[in-house]
Structures are given as structure tokens and as C-alpha cells.
Amino acid sequence: MNACPREPEVVDAITRGDWTRAADDLRAHAASCAACGELVTLMQALREDHAVVLRAADVPAAGTVWWRATIRARAEAAQRASRPITVAQGVAGACIAGVAATFAGIAWRAFPSLPQADPIVMLALGLGVCIVVAPLVLVITLARD
Amino acid sequence: MRDVTLSSLERLGLGAEAPVIDDVTQTFLMDEDAFRLFYDRTARPVWAYLARITGDRQLADDLLQESYFRFLRSRAVLDDEAHRRNYLFRIATNLAHDARRRAPMATTSIDDGIEHDHTDPRSDGDATGRAVQRLDLSRAMKQLKPRERSLLWLAYAQGSTHVEIAQTLGLKTGSIKPLLFRARRRLSALLQREGAR
């Protein structure tokens with residue numbers, strides 16, 4: 001079956017209203033044309049279904065939808081605003097851990113009886129602690145959020 | 001219009017405890033009065049569209065809310081009501097297709113709970129025949145591809161033009177006619193099969 005050039009007329013007639021009130025020649029054509037006949041049957045079924053589903057539509061009130069949208073937008077804005085603070089907390093935690101490691105190294109050197117290490121090794125250890133602790137602090141902070 | 005149940009957001013208490021941020025509605029696409037008017041004109045057709053293309057009432061409820069939220073938060077420049085409407089339907093289409101990819105099975109069928117109009121002056125037999133016809137249509141629609149369902153619903157149920165359908169589905173206007181014809185042929189074949197059962 002091929003499309004019929006009169007299909008737009010059929011669609012227009014049904015979309016505008018009742019097919020039974022369409023022009024006689026168009027209805028006669030649809031009765032004899034397989035493509036237009038099929039179109040009429042499908043359109044009538046779909047439009048009836050549309051009317052039934054529209055009647056069944058039980059949508060929330062506009063005010064409720066607006067209220068929920070504002071609440072959600074506010075929550076998202078709050079989350080966005082707190083993100084830099086979370087990152088800063090993570091960085092601060094890592095710095096504290098690094099400084100603590102450095103002080104621990106200095107304190108270690110104050111006791112000559114303990115085995116001594118190279119200052120570069122101590123610095124590397126401090127940095128290592130930073131690298132290990134920073135992601136941990138971030139994970140803990142984000143999990144808390 | 002109906003009362004609504006609490007969303008997961010509200011159950012988590014975000015609504016009550018969210019800190020006061022500068023008026024977030026300033027970032028919305030329209031003010032509350034304009035939204036109410038727009039919503040009252042579009043909510044039912046959007047819900048019907050979502051319900052028929054997903055085949056799931058519950059999902060249609062959720063997607064309706066999400067569609068309007070995304071619409072309000074969008075930064076699109078929409079000159080007139082027709083553009084706003086097409087844009088809203090486009091958001092709804094994308095959400096429905098995404099939801100279908102995530103969970104293809106319907107949980108609450110669109111045909112559950114739809115009351116058939118028994119006050120119709122036509123005979124009971126006629127009403128039953130129409131109900132059966134609608135059920136066949138519903139089953140046949142479910143077997144179509146999502147894009148075919150959207151095309152048929154927009155073109156034949158809603159009476160959208162090819163330009164509007166192209167805007168809604170993100171297709172070229174020239175491709176609508178052949179796609180629609182193919183979808184129609186498929187639906188017709190499926191309905192014949194359903195009717196023969």
C-alpha cells in the first residue's frame with residue numbers, strides 16, 4: 001500500500017472535529033482508498049483513546065508542582081554552595097596531617113638515641129602522609145554530606 | 001487535580017531543612033503566574049502523552065513532575081507558547097525514553113483504573129466493543145518502538161503538525177511523513193493481529 005495524496009485532507013478533517021461531518025467526496029474517497037480508510041480507522045481509535053486518557057489524567061495542582069520545583073532548586077543550590085567548603089575541609093585536613101607528620105619528624109630528631117633518617121626522607125614521608133590522608137579525609141567528609 | 005504523596009526529596013526532609021538561598025525562582029524560565037497558566041493548559045496533554053508512550057501511570061506521574069522541573073530550570077530562549085509547548089514535550093519525550101531504557105517493564109498499566117464512560121447513551125454492547133478496541137490499541141501500541149508511539153500519538157491523537165512533531169522528537173521535518181507512514185502500517189498490522197486473537 002502506498003500513501004495517498006489526499007491523506008492531509010483526511011487528517012485535517014478528523015483533527016478539526018467529527019469525521020461524519022467531513023465533506024461527502026472526502027468520505028467517499030476514504031471508503032474506496034485503502035490508505036485513507038486505514039488512516040481514518042487509526043485516527044478515530046487514537047483520538048478516542050486520547051479523549052479517554054485525558055479524562056483519566058489526574059495531575060497535581062500547578063501550585064504543588066511549582067512548590068516542589070522551588071524546593072528542589074533550593075536544595076540543589078544549597079548543595080552547590082556547600083561543595084567548595086567540603087573541598088576546603090579536605091585540603092585543610094590534609095595540610096594538618098602533613099604538618100603533624102613534619103613536627104613528628106622534628107621531634108624524632110630531638111632524640112639522638114632513636115635511629116635517624118635523612119631530612120629528605122622525612123619530607124617525603126610527610127608528603128606521603130598528605131597524599132594518603134587527603135583522599136581519606138575527602139571521602140569521609142563527602143560521605144557525611 | 002489531586003493531592004500528591006510525598007516525593008523522596010520531601011521524605012528526606014530537604015524541603016523543610018534546606019537553607020534559605022536567594023530566591024531560586026529568579027533562575028526559572030517563567031514566574032509563578034505564567035507557570036500556572038502554562039501548566040493548566042499543558043499538564044493533561046503531557047500526562048496523556050507520557051502515559052501512552054510509557055504505558056505506565058505511575059511513571060507518567062513521576063515524569064510529569066520531572067518534565068516541568070527541567071523545563072523551569074532550562075535556559076532555552078522560547079519566544080511563544082507553541083515553542084514552549086514543543087520544548088516541554090521534547091523534555092518529556094527524552095525523559096520517557098531514558099526511563100524506558102532503565103526499566104523497560106511497566107509497573108502500573110495505563111489501562112488500570114481508567115474508567116470507561118458508562119454514561120454514554122450508546123448501548124452497553126457498543127461501550128464494551130469500544131473498551132475492547134481500546135485494549136487492543138493499548139497492546140498494539142506497547143509493541144511499537146518508542147519513536148513510533150510518539151509519532152503516532154503526536155500526529156493522530158494530538159493533531160500536531162509535522163513541524164511540531166519534528167521539534168518535539170528532534171527529527172527533520174521532511175523525515176516525519178515517511179516515518180509516520182511506516183509507523184501507521186505497523187500499528188495497523190498489529191491491530192489486525194490483536195483483533196484476530
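Biologist: How are α2(A) and α3(A) oriented to each other, roughly parallel or roughly perpendicular?

Modeller: Two packed helices are described by the angle between their axes and the distance between the axes. In this predicted model, where local features need pLDDT of at least 70, side-chain atom pairs count only at pLDDT 80 or more, and totals for chains, interfaces and linings use all residues, helix α2 (residues 24–32) and helix α3 (residues 34–56) of chain A pack at about 105°, with their axes 5 Å apart. α2(A) and α3(A) are therefore roughly perpendicular, since angles under 35 degrees count as roughly parallel, over 145 as roughly antiparallel, 65 to 115 as roughly perpendicular and the rest as oblique. The axes are lines fitted to C-alpha atoms, for helices over the stretch in contact, and angles run from 0 to 180 degrees between N-to-C directions. Residues are numbered from 1 along each chain as its sequence is written, while chains are lettered from A and ligands numbered from 1 in the order in which they are written. The helices (H or I, at least four residues) are DSSP runs, as are strands (E, at least two), numbered from the N terminus.

Biologist: Which residues of α2(A) and α3(A) meet?

Modeller: A:H29, A:A30 and A:A31 of α2(A) meet A:C36, A:G37 and A:V40 of α3(A), where contact requires C-beta atoms, placed from the backbone, to lie within 7 Å. By class, this contact of α2(A) with α3(A) has four nonpolar, two polar and no charged residues; Ala, Val, Leu, Ile, Met, Phe, Trp, Tyr, Cys and Pro count as nonpolar, Asp, Glu, Lys and Arg as charged, and the others, Gly among them, as polar.

Biologist: At what angle do α4(A) and α4(B) pack?

Modeller: Helix α4 (residues 62–109) of chain A packs against α4(B) at about 60°, with the axes 10 Å apart, which makes α4(A) oblique to α4(B). Among the residues that meet here are A:V65 and A:R68 in α4(A), and B:Q65 and B:Y68 in α4(B). Six nonpolar, one polar and three charged residues make up the contact of α4(A) with α4(B).

Biologist: How many residues of chain B are in contact with chain A?

Modeller: For the two chains, 46 residues of chain B are in contact with 36 residues of chain A. On the side of chain B that touches chain A, α3(B) gives the most, with 11 residues, and that side has 27 nonpolar, nine polar and 10 charged residues.
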